[in-house]
Amino acid sequence: MAEGETKLTGPDLAKGIPFESLPDGQMLVGHANGKAVLLVRTAREIFAVSPHCTHYNGPLAEGLLISKTVRCPWHHACFDLRTGEALRAPALNPITCWEVAARDGWIKVGKKREQPQRRTHVEPVAKPEGIVIVGGGAAGFAAAEMLRRVGYENSLVMLSSDAALPYDRPNLSKDYLAGAIPFDYVPLRDQSFYEENGIEIQPGKTVVELDLRAHEVLLSGGERVGYDRLLLATGAEPVCLTIPGADQLHVHTLRSLADSNAIIAAAKTSKQAVVVGASFIGLEVAASLRARKLEVHVVAPDKRPMERILGPDMGDFIRALHEEHGVIFHLETKPKAIDNVVYLENGSMIEADLVVVGIGVRPRLELAKNAGLRVDRGIAVDKYLETSAQGIFAAGDIARWPDPHSGENIRVEHWVVAERQGQAAALNMLGERAPFDQVPFFWSQHYDVPINYVGHAETWNEIQIDGDVMKKDCTLRFKHNGRVTAVASIFRDLESLQAEVAMEREVAA
Ligand SMILES: Cc1cc2nc3c(=O)[nH]c(=O)nc-3n(C[C@H](O)[C@H](O)[C@H](O)COP(=O)(O)OP(=O)(O)OC[C@H]3O[C@@H](n4cnc5c(N)ncnc54)[C@H](O)[C@@H]3O)c2cc1C
Ligand code: FES
């Protein structure tokens with residue numbers, strides 16, 4: 001739904017409201033001249049902006065005000081209330097701003113404000129002659145968009161082995177796979193965006209070698225592309241099963257749009273699917289295939305789905321939720337062979353005309369390894385996301401960075417982190433020296449239940465549960481030696497945002 005295309009509610013803000021009806025620190029949804037408007041009073045100023053997040057239309061009125069910014073409750077995008085700019089991914093487009101006046105005890109919203117297309121208050125420190133981005137996913141796209149947003153005007157080349165223009169990867173296992181949204185929602189931008197912004201995007205181009213001495217990347221067709229600054233954002237690839245029959249046409253993995261389309265095509269003629277792996281992606285696929293009315297079996301070695309990341313209570317809940325929707329679990333076992341039946345190690349056999357394998361991913365590190373960059377279960381980067389080679393940066397699923405919150409070098413596979421790292425790397429390629437210090441965040445969606453997770457907890461010795469997990473109203477605090485390192489929540493969006501801010505403040509202090 002486009003911005004403002006909602007049923008209008010609340011007061012007519014063009015006519016005005018009494019000043020005292022909007023206390024400091026409060027938000028109010030109303031309308032002006034036929035558009036929904038969010039009125040915000042914060043830090044002794046009043047702002048009028050769109051109430052809809054430009055990512056997936058999240059209700060900003062239910063978000064969190066931090067000084068002159070508002071954070072979206074759904075996936076933690078952050079907008080500047082003064083300019084509307086999307087300061088933090090996953091939103092990339094600004095929200096609309098209106099003029100607002102507080103006079104004679106009344107607040108009134110006026111006309112829509114002209115919004116700068118570019119961030120005008122930042123001047124690039126360095127102006128490299130040419131930047132090359134390897135990878136057209138979350139990190140690569142967000143970097144390119146940010147480079148142009150802050151006014152970088154020189155050559156910008158984006159090379160991506162994917163044949164499609166950059167797209168919204170999280171949707172590939174959720175609404176798009178379930179058939180709930182059309183294809184139009186999937187691309188992050190259409191071709192005209194790249195043309196208008198002078199981003200030389202080359203889909204279907206695979207980089208096979210980095211020539212650090214010549215400052216060039218080598219493409220599979222033999223072509224060479226020179227760079228002054230290079231961003232590696234090649235993401236991760238699915239781990240494949242190696243059991244007999246795993247190479248057949250009806251056995252799929254899911255990473256790309258082409259993979260999702262192949263599963264959709266197969267689902268149209270299939271009756272029974274086996275999903276191997278009770279990971280986020282595996283279970284999202286299970287939910288989407290149930291929406292397409294397939295019988296779905298999930299096979300995984302775990303005792304409970306996602307217990308390693310979310311703990312036993314959430315694991316039990318997720319299992320019960322999927323069972324309510326008809327998913328059949330085969331846990332504590334693995335597949336040992338596949339033909340038109342999946343044979344399990346526990347002796348069971350499940351008929352399947354579609355198999356989707358979701359058993360994890362591994363970062364694509366070959367380019368970095370072969371070029372001699374420092375690699376440590378990911379490309380090792382410093383706090384500015386620069387690799388061991390000066391001028392070469394890495395972001396997203398491939399990067400292992402010094403996370404100030406956990407105090408460890410971590411690598412995660414989260415959409416929002418990849419985009420934000422792409423944005424930070426973009427600024428640092430222009431010499432800004434902006435440390436990447438944001439709190440990791442991810443979300444996952446199962447039917448109508450979203451799970452939000454902030455922080456990073458590889459291990460914990462206590463999970464403090466507030467609320468009722470089975471009633472889908474809970475906050476789980478993962479503690480290591482008494483300190484909260486991560487917070488997972490269901491339908492407690494404000495608490496999730498507050499936990500993020502608390503973690504930010506802890507590090508800042
Ligand atoms: C189906 C699915 C659903 C997901 N859902 C969620 C979710 O709900 N929430 C969440 O937080 N995360 C989710 N994720 C994870 C998230 O999508 C990733 O963390 C994110 O995409 C990582 O971004 P990236 O830029 O590092 O890599 P990618 O987005 O994978 O992009 C890598 C790009 O590099 C290109 N490439 C690779 N090698 C080369 C080469 N040699 N030359 C040129 N190009 C190359 C690829 O074609 C691709 O375009 C999901 C992932 C998948 C697959
Ligand atoms: S809907 Fe706002 S961040 Fe996703």
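The model is predicted: local features need pLDDT of at least 70 and side-chain atom pairs count only at pLDDT 80 or more, while totals for chains, interfaces and linings use all residues. Residues are numbered from 1 along each chain as its sequence is written, chains are lettered from A and ligands numbered from 1 in the order in which they are written, and side-chain values use heavy atoms, with hydrogens and water left out.

**Exercise 1.** Describe the surroundings of ligand 1.

*Step 1.* Ligand 1 is surrounded by 33 residues, the closest being Ala139, Lys174, Val207, Arg255 and Asp397; a residue is near if one of its heavy atoms lies within 4 Å of the ligand.

*Step 2.* The shell divides into 14 nonpolar, eleven polar and eight charged residues.

*Step 3.* Polar contacts are pairs of N or O atoms within 3.5 Å. From an oxygen atom of ligand 1, a polar side-chain atom of Lys174 is 2.4 Å away, and one of Ser161 lies at 2.9 Å. A polar backbone atom of Ala138 is 3.2 Å from an oxygen atom of the ligand.

*Step 4.* Ligand 1 taken alone exposes 990 Å², of which the protein buries 95% (Shrake-Rupley method, 1.4 Å probe).

**Exercise 2.** Classify the ring pair of Tyr56 and Trp443.

*Step 1.* Rings pair if their centres lie within 6.5 Å; planes under 30 degrees apart count as stacked, over 60 as edge-to-face and the rest as tilted. The structure holds ten aromatic pairs.

*Step 2.* The centres of Tyr56 and Trp443 are 6.4 Å apart and the planes stand at 85 degrees, so this pair is edge-to-face.

*Step 3.* Tyr56 belongs to the loop between β4 (45–49) and β5, and Trp443 to strand β32, so the pair ties together parts 387 residues apart in sequence.

**Exercise 3.** Which strand order do the two open sheets have?

*Step 1.* Strands are DSSP runs of E with at least two residues, and two strands pair if DSSP finds at least two bridges between them.

*Step 2.* One open sheet has the order β5-β6-β7-β8 with antiparallel pairing. Its edges are β5 (64–66) and β8 (86–88), each with a single partner strand, so one side of each lacks a neighbour in the sheet.

*Step 3.* Three bridges join β5 to β6 (residues 69–71); Leu64 has Arg71 as its bridge partner in β6.

*Step 4.* The other open sheet runs β14-β15-β16, also with antiparallel pairing. Four bridges pair β14 with β15 (residues 216–219), where Val217 is the bridge partner of Leu210.

Methods:
Polar contact = N/O pair within 3.5 Å; in protein donor to acceptor, adjacent residues only side chain to side chain. Nonpolar A, V, L, I, M, F, W, Y, C, P; charged D, E, K, R; others polar. Phe/Tyr/Trp six-rings, centres within 6.5 Å; stacked < 30°, edge-to-face > 60°.
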